[in-house]
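Please keep the structure in view while reading.

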Amino acid sequence: MKLIIDTETAMLTIEEEGRQRRLNLYSDEAFEAISRQWVRVGWNQKYQYTFAWMGRPVIQLPEDLIRVQEVVYRIRPDVIVETGIAHGGSLIFYSAVCKAIGKGRIIGVDVEIRPQNRAAIEAHELFDRITLVEGNSTDPETVSRVKAQIAPGQTVLVILDSNHSRDHVLQELKSYAGLVSIGSYIVATDGIMLDLYDLPRGKKN
Ligand SMILES: C[S@@+](CC[C@H](N)C(=O)[O-])C[C@H]1O[C@@H](n2cnc3c(N)ncnc32)[C@H](O)[C@@H]1O
């Protein structure tokens with residue numbers, strides 16, 4: 001695919017599979033096409049690894065964090081369950097939002113919580129709302145440990161950010177869907193993976 005940005009004529013030309021489309025550079029469609037390439041290039045450059053939230057590295061694009069914050073503020077969940085902890089930045093971010101709202105706690109699940117990450121998360125001033133669960137997120141025993149910490153009737157928001165392969169995400173959706181309250185969400189993050197497999201750093205599964 002070729003994208004030709006002409007700022008002089010304010011046109012975007014998209015050449016793909018022998019076809020050519022010309023769009024107003026300042027249209028929603030042009031913004032989407034350019035943004036898609038921006039995400040692809042940024043992902044390949046590991047741009048999403050360059051951020052931290054209150055001292056903990058957070059592997060997210062800031063826009064996504066803002067969008068999740070919008071959901072948390074609207075849903076005001078009792079519990080946020082997130083699979084995929086890594087350095088803990090997103091757990092600390094949700095904890096900060098919950099603290100600001102004055103409601104909510106967070107259960108983080110990861111197949112491997114490295115000792116230095118665990119120590120830093122546990123020492124953080126926003127750890128008081130966080131519970132760490134170590135285990136494969138789709139292992140029934142891990143799912144039971146998460147469920148055991150949620151009381152009936154609680155409002156639950158689930159965020160899936162662990163292994164982004166198709167099979168794992170499907171299994172996570174099946175494992176955690178039952179926890180999601182009516183009107184709340186299960187967010188399968190990194191839905192962009194389909195757009196990334198053909199990049200130098202990508203893989204097809
Ligand atoms: C993208 S990182 C999570 C980023 C984190 N949510 C953040 O925003 O900073 C993915 C994490 O998922 C974990 N992971 C991979 N496979 C997993 C599995 N089967 N079950 C649970 N966690 C898994 C990895 O250990 C890694 O820490």
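Helices (H or I, at least four residues) and strands (E, at least two) are DSSP runs, numbered from the N terminus. The model is a predicted one. In it, strands S1, S2 and S3 make up an open sheet, helices H2 and H3 cross at roughly 35°, and there are 10 salt bridges.

**Sheet S1-S2-S3**

- The open sheet has 3 strands in the order S1-S2-S3, and the pairing is antiparallel.
- S1 and S3 are the edge strands, each having a single partner, so one side of each has no neighbour in the sheet.
- From one strand to the next, the twist averages 15°.
- In a regular strand, side chains alternate between the two faces of the sheet.

**Pairing and hairpins**

- S1 (residues 2-6) pairs with S2 (residues 11-16) in the antiparallel sense, over 5 bridges.
- Asp6 has Met11 of S2 as its bridge partner.
- The hairpin of S1 and S2 has 4 residues between the strands, and Ala10 in that turn has a positive phi of about 55°.
- S2 also pairs with S3 (residues 19-24), again in the antiparallel sense, over 6 bridges.
- Met11 has Asn24 of S3 as a bridge partner, so Met11 is bridged to Asp6 as well as to Asn24 by the DSSP assignment.
- The hairpin of S2 and S3 has 2 residues between the strands, and Glu17 in that turn has a positive phi of about 45°.

**Helix contact H2-H3**

- The axes of H2 (residues 62-75) and H3 (residues 89-101) come within 11 Å and cross at roughly 35°.
- This crossing of H2 and H3 is right-handed.
- On the H2 side, the contact is made by Leu65, Val68, Gln69, Val72 and Tyr73; on the H3 side, it is made by Phe93, Tyr94, Val97 and Ile101.
- By class, the contact of H2 with H3 has 8 nonpolar residues, 1 polar residue and no charged residues.

**Salt bridges**

- Side chains of opposite charge can pair when their charged atoms come close.
- Lys103 and Asp78 form a salt bridge, with the closest N and O atoms 3.6 Å apart.
- Lys103 is in the loop between H3 and strand S7 (105-110), and Asp78 is in the loop between H2 and strand S6 (79-83), so this pair ties together parts that are 25 residues apart in sequence.
- Lys103 counts as partly exposed because its relative accessibility is 30%, and Asp78 counts as partly exposed at 21%, where buried would require under 20%.
- Arg114 and Glu112 meet through their side chains in a salt bridge, at 3.9 Å from N to O.
- Arg114 is partly exposed, with a relative accessible area of 45%, and Glu112 is partly exposed at 46% relative accessibility.
- Arg166 and Asp167 form a salt bridge, with the closest N and O atoms 3.4 Å apart.
- Arg166 counts as exposed at 60% relative accessibility, and Asp167 is exposed with a relative accessible area of 54%, the cut-off for exposed being over 50%.

Terms used:
Residues are numbered from 1 along each chain as its sequence is written. This is a predicted model: local features need pLDDT of at least 70, side-chain atom pairs count only at pLDDT 80 or more; totals for chains, interfaces and linings use all residues. Side-chain values use heavy atoms; hydrogens and water are left out. Axes are lines fitted to C-alpha atoms, for helices over the stretch in contact, and angles run from 0 to 180 degrees between N-to-C directions. A crossing is left-handed if the near helix is turned anticlockwise from the far one by less than a right angle, and right-handed if clockwise. Contact means heavy atoms within 4.5 Å. Ala, Val, Leu, Ile, Met, Phe, Trp, Tyr, Cys and Pro count as nonpolar, Asp, Glu, Lys and Arg as charged, and the others, Gly among them, as polar. A salt bridge is a side-chain nitrogen of Lys or Arg within 4 Å of a carboxyl oxygen of Asp or Glu. Buried means under 20% relative accessible area, exposed over 50%, partly exposed in between (1.4 Å probe, protein chains only).
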